[in-house]
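Here's a quick briefing to read alongside the structure. Have a look at the fold first, then at the metal site.

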Amino acid sequence: MGSLMVPRQGLSTGIAVRHTVVNMAETDVTRMSTDYADNELELFRKTMDLIVDSDNGTASSTDILNCADSLQTKKLKKRETEHVLNRLVQDKWLNEKNGDYSLSTRCIMEMEQYIRMLYQDQVKVCHICHNVALQCQMCENPTCGIKIHTPCVARYFKGRTDPRCPACEDFWPHEIPGNNSETQSAAKENTAPTPRSTAQTRRTRRS
Ligand SMILES: [Zn+2]
Ligand SMILES: [Zn+2]
């Protein structure tokens, strides 16, 4: 129970005073540390580091495999690493999409205190729900820069044709997930090259 150990102490003391829901979380984190070997937990920690450090809340399998080679507890071979990653996905600690890994909603919920304590100011917090936000959009106004979870973005800006930052009122320039109204796609076509022409250019350049 190596790498999760040191902060885990803080986690349990920080969490013990809170209500039962969080205590349940503690048992889950504890269960995790009995389910996984030291080096597997260290790999998970490193994956969390990569994810928190990233702009989009994901870590590529390549980067994780590189970490596996420099574990302090015990190195993991490529195949072992892939096996651990699969288990972490199966146990619903991680999500995987096209070789990119992100923390599952369950993981963020249950490890919220731990993540906040471990990464402190480095961690992004959602302006809408005030929870840890790893996969989020950010206001592009440099004096503002608030973050909003992708799901909170979808809910907050739902059906709005002129999405504006809830903090500084600047235009919200990002794609609103799940907002497929005609105005949205029309606006996109006006500002950016159509996906087809970009794809064609790329294809021509590559061949
Ligand atoms: Zn949120
Ligand atoms: Zn703003």
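What arrangement do the four donor atoms around the zinc ion (ligand 2) make? It's tetrahedral, because the angles they subtend run from 104 to 113 degrees. Keep in mind that this is a predicted model. For reference, the ideal angle for four tetrahedral donors is 109.5 degrees.

**Zinc site**
- The zinc ion (ligand 2) is held by four SG atoms, those of C139, C144, C165 and C168, at 2.3 Å.
- Along the sequence, the donor residues follow the spacing C-x4-C-x20-C-x2-C.

- C139 has 3% relative accessibility, so it counts as buried, the cut-off being under 20%.
- C165 counts as buried too, because its relative accessibility is 0%.

**Overall fold**
- The protein has nine helices and five strands.
- Starting at the N terminus, the order of elements is α-α-α-β-α-α-β-β-α-β-β-α-α-α.
- Of the contacts with a separation of 6 or more, 49% are between residues 24 or more positions apart.

**Surface and interior**
- Of the 207 residues in the protein, 36% are buried.

Methods. Residues are numbered from 1 along each chain as its sequence is written. Chains are lettered from A and ligands numbered from 1 in the order in which they are written. This is a predicted model: local features need pLDDT of at least 70, side-chain atom pairs count only at pLDDT 80 or more; totals for chains, interfaces and linings use all residues. Side-chain values use heavy atoms; hydrogens and water are left out. Helices (H or I, at least four residues) and strands (E, at least two) are DSSP runs, numbered from the N terminus. Buried means under 20% relative accessible area, exposed over 50%, partly exposed in between (1.4 Å probe, protein chains only). Contact means heavy atoms within 4.5 Å. Donors are N, O and S atoms within 2.8 Å of the metal (3.2 Å for Na, K and Ca); water is not among the atoms, so sites may look incomplete. Four donors count as tetrahedral if all angles lie between 85 and 135 degrees; four count as square planar and six as octahedral if opposite donors are over 155 degrees apart and all others between 65 and 115; anything else is irregular.
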